[in-house]
Amino acid sequence: MFMPLQPPSAQTGVPRGDVGEVVESMLLDERVRWIAIVVQDSEAGADRFEVTPWVIDPTAPSTDRT
Amino acid sequence: MIRRIGVLAALVALGGCATSKMSADQLSRVAKDWSLGIRASQVIPVYPLTEDLQPGDVFLVQASIEDQINVYLEKGFLPLENLVVRLPVSGYATFYQGYPRVEDGAKAPPRRWQFPDETGEADFSHAPLAAFPSYNFSVSRSGGLSVAVPVQAVPVGLNLLDSASADGTITFKDAYTYALPARALYDGIHQWSAQNKDYLAQFAPREEVVDGKTRERQFFLRVVNRVYLVKSVDVTLFTERASSGGLSAGVPQKVELLNLANAKETIDNFAAVNEILARAATSPSPAPASPSKPDAENAPAVAPVAVGGTLRLTMATSRSVSLTETFKRPLVIGYLASDFRILKDGNLGASAPTLNLLEGRPAYDGQVIAYVPCDANCRTIRAWLKADSRHVSELAAWLEKSGGAIAIADLETGPDALLRQRAVTELIKP
């Protein structure tokens, strides 16, 4: 479904167990085609991730994206 | 000297021929390369350049955001078509409080700068200044003149260099900008839309089938809130191969444009070139084969180009040539705008910056939010969304109307707990 909302923001500090739910929520917006899940740090032995959605190809040359 | 000038005239004329023979592909490449340079400055490019674009101009956008993104990436710019209305905006005097020569009404910007009085020349000296970085490009005549900029100085300079290829630099010498705050335009567009609901209702969202999939087609009003103008453009071309300074084009007739040992000849040569540029631009027919020696006193100081401006040779060496192209009045090269989605019954949705939509970025640049563990309201929202697939669009519609059009993911685990509470009490459990 197309939504006339802003694209989802990147979220930091997402615990490992919640990454799936966050990704699922981001994918409710069908414009989101890429999601980067990057290990951010570890707090009390629990890994935390930065989850970044993209609606354009982040690997394309910058001149084609900017 | 007569034969030299004949060669010059022919070369200038060739510049025009080369340009007119561009293929459609090459022309589209021109537009994209130029636009990429402007886009690098976070401005939406205008192509072709125009004087007739200002804050308050409203365009109807019929393509989906996805299609617009594709066009934007493919062409480099968005065609400005379907101009709906020019809002009778005011607020310049308040916004530019303390700026001289800024007022509302009939002389609101840019009119007072364009036409200071009945007969006066344009005077943008009091307009807010802007600056763009220099823009480098490469140009080659092989297979056509796929010049990356819509200014005449490039093909002319290439011919003056007598080179099939060159590298160049474009500098926007006199750039200006002016704007109205988005808040003022928000009031203007809503007032206009309230008076034109019948017209807007025909652009209400509708379902359409694309590639076997049903999707909702959206229409937007794009409201320009800032424009960038340029008065003159400096073009410098460099070539690896040294010419005679340099005009030969297969004709064994060398012209030393810059000969420091003979200052008078240099001055005469520059005057001759500028006089020929003037003649080539004002005459619809090719320049004469053997024009007489220009009269330095009577020759125009600078040369007009097709858009009513001037093109002037400022420097030339054996490997480079510099020209300055000045438009008669500053032309808009780019703009910023906000998009308003047209809702059912002709109402308007929340606004979003056009540039961010086109580049798929959140409405606020570089927004990264700290994850907030899913609270009770978050869990309620998630369960409600999973209970019925239609709830997603219902929540999206509520967010657009009442929640600042933020994404569902941002609502669920973002920092705005109050908004989550409202979503539950107003939408899910009213």
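I started at B:Cys378, which counts as buried because its relative accessibility is 0%. Before going on, I noted that this is a predicted model.

**Entry: the disulfide**

I wanted to know which residue B:Cys378 is bonded to through sulfur. The partner is B:Cys374, and the sulfur atoms of this disulfide sit 1.9 Å apart. I then looked up the turn about the S-S bond: it is -100 degrees, so I wrote the link of B:Cys374 and B:Cys378 down as left-handed. Is B:Cys374 buried or exposed? B:Cys374 is buried too, because its relative accessible area of 18% falls under the 20% cut-off. I also checked how many disulfides there are over all chains, and the count is 1.

**Entry: α11 against α14 in chain B**

Helix α11 of chain B covers residues 376-387, and helix α14 of chain B covers residues 417-428. I looked up how they pack: the angle is about 45 degrees and the axes are 9 Å apart. That angle makes α11(B) oblique to α14(B). The crossing of the two, α11(B) and α14(B), is left-handed.

Which residues make this contact? From α11(B) I listed B:Asn377, B:Cys378, B:Thr380, B:Ile381 and B:Trp384. On the α14(B) side I have B:Arg420, B:Gln421, B:Ala423, B:Val424, B:Leu427 and B:Ile428. Sorted by class, the contact of α11(B) with α14(B) comes to 7 nonpolar, 3 polar and 1 charged residues.

**Entry: α12 against α14 in chain B**

Next I looked at another helix that packs on α14(B). This is helix α12 of chain B, residues 390-402, with an angle of about 120 degrees to α14(B) and axes 11 Å apart. I put α12(B) down as oblique to α14(B) as well. The crossing of α12(B) and α14(B) is right-handed, whereas that of α11(B) and α14(B) is left-handed.

For the contact residues, α12(B) brings B:Glu394, B:Leu395, B:Trp398, B:Leu399 and B:Ser402. They meet B:Leu419, B:Arg422, B:Ala423, B:Glu426 and B:Leu427 of α14(B). The classes here are 6 nonpolar, 1 polar and 3 charged.

**Entry: chain B as a whole**

I stepped back to get the totals. Chain B has 14 helices and 15 strands. Of its 430 residues, 47% are buried. I also looked at contacts in chain B between residues at least 6 apart in sequence, and 71% of them join residues at least 24 apart.

B:Leu348 belongs to strand β14 of chain B, residues 348-353, and counts as buried at 11% relative accessibility. Leaving out residues up to four places away in sequence, B:Leu348 touches several others, among them B:Ile189, B:His190, B:Leu200, B:Leu221 and B:Phe340. I also noted B:Ala204, which is 144 residues from B:Leu348 along the chain, with 9.7 Å between the C-alpha atoms.

My other pick was B:Thr171, in strand β6 of chain B, residues 165-172. B:Thr171 is partly exposed, at a relative accessible area of 26%. Setting aside residues within four places in sequence, I found B:Thr171 in contact with B:Ser134, B:Ser232, B:Val233 and B:Asp234. B:Asn136 is 35 residues from B:Thr171 along the chain, and their C-alpha atoms are separated by 8.9 Å.

**Entry: the loop between α4 and α5 of chain B**

The peptide bond from B:Pro109 to B:Pro110 is cis, with omega near 5 degrees, and B:Pro110 lies in the loop between α4 (92-95) and α5 (111-114). B:Arg101 is in the loop between α4 and α5 too. Its phi is near 60 degrees, which is a positive value in a residue other than glycine. B:Arg101 is partly exposed, with a relative accessible area of 38%.

**Entry: chain A**

Last, I checked the other chain. Chain A has 2 helices and 3 strands, and I read their order from the N terminus as β-α-β-β-α. Of its 66 residues, 41% are buried. Among contacts in chain A between residues at least 6 apart in sequence, 45% join residues at least 24 apart.

Notes:
Residues numbered from 1 in each chain as written. Chains lettered and ligands numbered in written order. Predicted model: local features only at pLDDT ≥ 70, side-chain atom pairs only at ≥ 80, totals over all residues. Heavy atoms only, no water. Axes fitted to C-alpha atoms, helices over the stretch in contact; angles between N-to-C directions. Helix = DSSP H or I, 4+ residues; strand = E, 2+ residues; numbered from the N terminus. Parallel < 35°, antiparallel > 145°, perpendicular 65-115°, else oblique. Left-handed = near helix turned anticlockwise from the far one by under 90°. Contact = heavy atoms within 4.5 Å. Nonpolar A, V, L, I, M, F, W, Y, C, P; charged D, E, K, R; others polar. Disulfide = S-S within 2.5 Å. Buried < 20%, exposed > 50% of the residue type's maximum accessible area, 1.4 Å probe, protein only.
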